[in-house]
Number of protein chains: 2
Amino acid sequence: MQKYLKEAKEASAVLATMRGDKKNRVLHKIADALEKNSALIIEHNRFDMQEGERNGLSSALMDRLFLDESRIASMAQAVREIAALKEPVGRVLDGWVTDNGLRIEKVSIPIGVVGIIYESRPNVTSDAAALCFKSGNVAILKGGKEAQQSNEAIAGIIQKTLEEEGLPKALISLLPDASREGVAKLIKMDEYVDLIIPRGGEALIRFVNENATVPVVKHDKGLCHTYIHEKADFDEAVKIAVNAKCQRPGVCNAMETLVVDRAIAADILPMLKRAFDAESTEIRGDDTTRKIIDVETATEEDFYTEYLANILSIRVVDGLDEAIAHIRKYGSGHSEAIVTDDHKAAERFLNEIDAACVYVNASTRFTDGGAFGFGAEVGISTNKLHARGPMGINDLTTYKYKIYGEGQIR
Amino acid sequence: MQKYLKEAKEASAVLATMRGDKKNRVLHKIADALEKNSALIIEHNRFDMQEGERNGLSSALMDRLFLDESRIASMAQAVREIAALKEPVGRVLDGWVTDNGLRIEKVSIPIGVVGIIYESRPNVTSDAAALCFKSGNVAILKGGKEAQQSNEAIAGIIQKTLEEEGLPKALISLLPDASREGVAKLIKMDEYVDLIIPRGGEALIRFVNENATVPVVKHDKGLCHTYIHEKADFDEAVKIAVNAKCQRPGVCNAMETLVVDRAIAADILPMLKRAFDAESTEIRGDDTTRKIIDVETATEEDFYTEYLANILSIRVVDGLDEAIAHIRKYGSGHSEAIVTDDHKAAERFLNEIDAACVYVNASTRFTDGGAFGFGAEVGISTNKLHARGPMGINDLTTYKYKIYGEGQIR
């Protein structure tokens with residue numbers, strides 16, 4: 001492991017100063033090679049699919065695992081789109097001249113060696129590799145074991161392309177020991193690894209956070225709320241709530257709990273019930289809610305639960321303060337929304353809610369690199385530091401100060 | 001500990017949205033209270049001094065510990081200067097409108113609860129408290145045990161002022177259990193604490209880094225180099241080298257190793273020797289150096305050593321590539337300088353050296369919040385992420401996205 005990581009660290013120097021045109025040429029070759037070798041990838045993917053079937057993977061997981069010509073073409077296209085992004089390295093983030101004439105420039109640079117731990121979708125392998133490469137970072141990839149064969153095929157093709165271009169294949173590699181022990185070692189190697197990005201279930205993220213000495217940017221859960229304020233436009237509120245819950249319930253920016261002002265509860269809850277019934281959403285409400293509409297009981301535990309399913313809990317509150325207090329207590333700091341036409345309520349919500357993304361009159365589903373216009377997405381950080389919320393390719397850089405003097409001493 | 005930290009977390013909501021004028025008024029009252037109660041602080045400081053004498057603290061440490069009227073006036077003045085800094089919260093860092101009309105603003109916000117672990121200078125207690133307060137962060141302070149009485153007096157005065165202003169004293173407090181076990185608990189409380197900043201010896205920093213689940217911004221060692229390129233102006237090079245080593249040898253941005261091009265070694269080393277002799281600097285050189293000037297031997301270990309003393313190691317190299325390789329191997333990524341009049345050499349050094357601060361023709365001693373013009377300094381981060389190099393008050397903030405919609409759904 002140490003030798004492998006040492007090679008990765010050494011390779012990072014090559015990539016850190018590589019020009020954009022060269023990086024883009026290599027990315028296009030990688031995209032072409034993925035398409036040209038799609039038969040090989042599909043062959044390996046079949047092993048994973050058979051294994052998945054034997055192990056009784058759910059149909060959703062099997063679908064995430066599955067690759068065919070068209071999905072591989074999409075993977076290649078994603079790599080080309082990453083090549084087309086604006087060069088993330090060398091951006092001048094700030095600059096000034098000190099009183100004694102030192103010219104200081106704060107410039108974006110690659111982070112170095114980045115370990116990405118993810119689950120079963122094999123397209124993440126090429127996406128993550130391309131994002132790291134474009135941003136000048138060495139990628140150490142650790143995908144789900146369900147996709148091991150597919151990932152090996154994809155990484156093999158990428159590494160062959162790197163070698164054809166005269167580059168060290170250590171620039172993009174799969175973690176050789178993909179076991180939990182392998183991960184446990186990786187996350188302690190702060191001498192060689194500069195950042196770990198774990199994307200996956202709570203258990204994985206907790207394990208990484210508790211054991212890592214390498215800095216971690218988590219991609220954790222989202223327990224998102226939509227709060228319908230008494231001054232909301234009812235039609236808009238219903239549309240936003242249904243979209244936040246139902247458009248794709250299994251993702252981290254979907255709403256889990258709807259918070260409704262008492263003043264409007266009797267009027268709007270029946271409207272909401274009809275709209276959610278049309279989407280076959282299971283509703284669980286607090287006592288006040290259940291006096292107005294006929295739904296199951298939401299327990300204390302419900303309000304702490306990220307359903308990731310077409311289930312919704314509803315809480316009725318006595319106005320903005322109680323809504324903010326509820327979200328502060330149960331929210332995960334991911335995405336929170338208020339629906340209101342009241343200016344002061346909107347401003348208070350925006351300022352007092354501590355979350356990566358705080359919305360007025362829009363669906364929480366927009367918390368996403370694509371929706372934010374970042375082009376390609378590394379993920380959605382639930383860290384407070386380094387990167388928060390949707391992570392674009394620029395978030396795979398750090399900075400250094402370049403200081404230009406003319407003989408200055410202190 | 002949990003109850004204490006829970007109070008800190010709850011208090012953070014009060015401070016996060018406090019207006020700048022209110023924060024500044026409180027800071028001025030704190031400054032006034034420190035001066036008004038200087039007799040009380042000095043009384044407590046005498047206990048620490050007596051204890052220090054009994055325990056045989058070095059005279060340097062005793063000096064760092066010592067407080068009198070004038071030093072307390074400086075502490076108060078530093079608090080007032082922090083109050084005068086530009087408001088760090090609410091800066092719009094970026095902003096744009098998406099194609100579907102969402103208006104997105106990236107806005108600076110406080111980090112939340114910040115734990116700062118530092119050594120024996122009691123003025124750091126008021127500095128750190130004021131920096132955290134001004135940036136809207138709850139401060140949990142853990143100073144050196146040598147200064148415990150002084151710190152308690154200072155923190156007590158600050159807390160009394162907070163209470164007089166109707167604010168929770170949990171906003172600024174000393175960690176109640178200041179033992180190693182107390183620190184060990186604190187750094188695992190990621191539910192309540194958002195950032196730990198350890199400033200101090202390598203052992204402390206390693207302990208924190210290995211055991212923390214809270215994100216850490218380290219203030220670690222600086223093994224800084226100055227590289228005299230063959231195209232350097234000799235007089236300028238000697239002045240910069242002497243300043244980088246001798247102006248204040250005990251600090252992290254002082255030079256430890258001088259790297260000299262072989263082509264000029266025979267000419268410049270005798271000049272350097274004379275200049276360093278005048279500063280009573282002990283020089284240790286590699287074999288080539290020792291053939292030219294009469295100095296002790298620099299071993300492999302020397303090149304890994306942060307002397308923090310008036311000792312210098314010298315290495316002769318075969319040009320830029322070898323210089324970069326040497327610094328890459330032995331440097332700590334803090335501050336590195338090249339002295340040259342060659343444009344391409346300067347650019348290559350600036351781009352290829354991975355350090356927080358990379359200098360051309362200036363002393364590494366400028367790596368400092370004050371010298372950078374940040375006004376007050378949190379410290380000098382040796383992290384690669386969140387904050388790198390001199391940390392100003394803005395580095396005590398993170399950000400959130402405010403998204404203004406008009407009913408947008410996906």
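What is the order of the strands in the open sheet of four strands in chain B? Read on to point 1.

1. The order is β5-β4-β3-β6 in chain B, and the pairing is parallel. Strands count as paired if DSSP finds at least two bridges between them; strands themselves (E, at least two residues) and helices (H or I, at least four) are DSSP runs, numbered from the N terminus. At the edges sit β5 (172-174) and β6 (195-198) of chain B, each pairing on one side only. From one strand to the next, the twist averages 20°.

2. A word on what you're looking at: this is a predicted model, where local features need pLDDT of at least 70, side-chain atom pairs count only at pLDDT 80 or more, and totals for chains, interfaces and linings use all residues. Residues are numbered from 1 along each chain as its sequence is written, while chains are lettered from A and ligands numbered from 1 in the order in which they are written.

3. Back to the sheet. Strands β3 (residues 113-117) and β4 (residues 138-142) of chain B run parallel and are joined by five bridges, with B:G115 opposite B:I140. Helix α1 (residues 2-16) of chain B packs on the sheet, touching β3 and β4 of chain B, and its direction makes about 135° with that of β4(B). Helix α9 (residues 202-211) of chain B packs there too, touching β3 and β6 of chain B, at about 160° to the direction of β6(B). (Angles run from 0 to 180 degrees between N-to-C directions, and axes are lines fitted to C-alpha atoms, for helices over the stretch in contact.)

4. Now the two chains together: 55 residues of chain A are in contact with 55 residues of chain B, contact meaning that C-beta atoms, placed from the backbone, lie within 7 Å. On the chain A side, β16(A) gives the most, with 11 residues.

5. Over in chain A, have a look at helices α2 (residues 20-36) and α6 (residues 123-134), whose axes come within 10 Å and cross at roughly 165°. α2(A) and α6(A) are therefore roughly antiparallel, a label for angles over 145 degrees. The contact involves A:K23, A:L27, A:I30 and A:L34 of α2(A), and A:S126, A:A130, A:F133 and A:K134 of α6(A).

6. Finally, chain A is divided into domain 1 (2-220 + 382-404) and domain 2 (224-370), with bounds from an automatic or database domain assignment. Their C-alpha centres lie 35 Å apart.

Key. Angles under 35 degrees count as roughly parallel, over 145 as roughly antiparallel, 65 to 115 as roughly perpendicular and the rest as oblique.
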